[in-house]
Amino acid sequence: MTAPPSCPLATARPQDLPALDRLLRQPGAAALLAEHGHSLVAGQARALLAERRAQAVAGQLPASAAQPDALAQALAARVAARLAPRMRPVLNLTGTVIHTNLGRALLADSALQHLLAVMQGPNNLEYDLATGARGDRDSIVEELLCQLTGAEAATVVNNNAAAVLLTIAALARGREVIVSRGELVEIGGAFRMPDVMESAGARLVEVGTTNRTHPHDYERAINERTALLMKVHTSNYAVQGFTRAVDEATLAPIAHARGLPLASDLGAGALVDMSHWGLPREPLPQDMLAAGCDVVSFSGDKLLGGPQAGLIVGTREAVARIRQFPMKRALRMSKLPLAALEATLALYLRPERLAQDLPTLRLLTRPLPAIEATARAVLPVLQAALNVAFGERYSVQCVPLQGQIGSGSLPVERLPSAGLAITPTGKSGKGRALDALAQALRRLPRPVIGRISQDQLLLDMRCLEDATQLTAQLGDLALPH
Ligand SMILES: *Cc1c(COP(=O)(O)O)cnc(C)c1O
């Protein structure tokens, strides 16, 4: 029983809703059952009916929404929404190339293909094909890492935070680690050097001051409890002015004279000198090893351009202690990123091709005229789509922008870039207008992430190599949400 259709405010009563089994016999629902099976569809149908019943009890359910075919349609939408992945591809127009919140480095094609090929069935993850005996997963990348960095030995773990934790635990648990006060870094996401020391069961001994640390500061702090000297790359900040730090080449002989190892947490870990491509130079693991470090750790998904990983390279002795430490088993790398890491490292055997083969490096070195051309190509399409969706509420212009490498790499350097600035045309409510636009862009099928700065929404085009990924979906801006 429903109210007559002439009444525009007709509402349904709870008893107008069908029972669960009747809803599931609707043709639309039956098709869903055939495709997805009973558990998911019946569960969503039950939830849908409960929601509609509550609306009906409150007198807020339009009669049309209680109709069987409307319910079947709503059920299909619920099932599709439940099955839609939470993790989705987005367009990174923030201007930060290695964006931690957006998944950091992009994997190279060869890494993606190798990953897929090796994951489709069993593989020799820990199986030695030459002898038929049990193998070690480290051996998949150890030789490559040693060749690329000049290290004697290498091991890999889940990420660089794990690499640092494991290094400290394996080499200094229950003893003291000396670190300069100028290097007690916090990396985003609660990685703080003093806390890592504590988790690893080591005692942190701070030396020097925030701005200046001298060799004799380390020398004086060494005693019979000392197990390790550690250098931490201040990757996400810069101390400028009256500063002094002790470099690895100076510190290594100080450590070694007392029989102590020196470890370096490098953070970003470029494997090649980025100044070849006009980018600022980051310290390389090979430089750290040549300077006398016993252990160097760095990330796989920052400047290296690979999957999440913590790479540890160093002397045979130090790496063996790290590898044999029981915590290694809990922090070990999964076969998925390991496959991607091997293929990524292999790209470094052909350094001349690196800027084409490695997407992150390709984006970091993308010529400014190409970025400007993308901005010019998108501008008219975006302006037209905004006009259709919002009236004349926004105006779009091509602008020069300053991007950054990201992920704590080279924090003070800026990458000259270009993009679009979207300005609300209204005199007031600019903040709200910008938030509404940013939200509409995030609701696109492939969400678009820009940044709001000084009453403008900025879309940096450095990471948009294919403009149609953006323009082809702009028609959806006008769709109701
Ligand atoms: C990024 C970074 C880390 C953490 O590395 P993840 O791979 O993110 O775990 C540790 N130390 C430094 C200096 C870093 O820059």
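This is a predicted model: local features need pLDDT of at least 70, side-chain atom pairs count only at pLDDT 80 or more; totals for chains, interfaces and linings use all residues.
**The seven-stranded sheet**

Seven strands form an open sheet in the order E2-E10-E9-E8-E7-E3-E6, and their pairing is mixed. Its edges are strand E2 (153-157) and strand E6 (203-207); each has a single partner strand, so one side of each is left without a neighbour in the sheet. On average, neighbouring strands of this sheet are turned by 25° against each other, direction ignored.

Within this order, strand E9 (residues 295-299) and strand E10 (residues 310-314) run antiparallel and are joined by five bridges. Ser297 stands opposite Ile312 of E10. Helix H6 (residues 139-149) lies across E2, E9 and E10, and its direction is at about 120° to that of E2.

**The ligand and its shell**

Which residues are around the ligand? They are Arg104, Asn159, Asn160, Ala161, Ile187, Phe191, His233, Ser235, Asp265, Gly267, Ser299 and Lys302. By class, this shell has six polar, three charged and three nonpolar residues. Two elements, helix H7 (160-172) and strand E8 (262-267), each supply at least two residues of the shell. Strand E8 also belongs to the seven-stranded sheet, where its place in the order is between E9 and E7.

| Residue | Polar atom in the residue | Distance to an oxygen atom of the ligand |
|---|---|---|
| Arg104 | Arg104 side chain | 2.9 Å |
| Asn160 | Asn160 backbone | 3.0 Å |
| Lys302 | Lys302 side chain | 2.8 Å |

On its own, the ligand has 380 Å² of accessible area, of which the protein covers 95%.

**The four-stranded sheet**

A further open sheet has four strands in the order E11-E12-E15-E14, with antiparallel pairing. Strand E11 (394-403) and strand E14 (451-453) are the edge strands, and each pairs on one side only. From one strand to the next, the twist averages 35°.

Strand E12 (residues 415-424) and strand E15 (residues 456-460) pair over four bridges in the antiparallel sense. Gly419 has Asp460 in E15 as its bridge partner. Helix H18 (residues 430-442) packs on this sheet and touches E11, E12, E14 and E15. The direction of H18 makes about 35° with that of E15.

How values were computed: Residues are numbered from 1 along each chain as its sequence is written. Side-chain values use heavy atoms; hydrogens and water are left out. Two strands pair if DSSP finds at least two bridges between them. Axes are lines fitted to C-alpha atoms, for helices over the stretch in contact, and angles run from 0 to 180 degrees between N-to-C directions. Contact means heavy atoms within 4.5 Å. A residue is near a molecule or strand if one of its heavy atoms lies within 4 Å of it. A polar contact is a pair of N or O atoms within 3.5 Å; within protein, one must be able to donate a hydrogen and the other to accept it, and residues adjacent in sequence count only if both atoms are side-chain atoms. Accessible areas come from the Shrake-Rupley method with a 1.4 Å probe; for residues, only the protein chains shown count as cover. Ala, Val, Leu, Ile, Met, Phe, Trp, Tyr, Cys and Pro count as nonpolar, Asp, Glu, Lys and Arg as charged, and the others, Gly among them, as polar.
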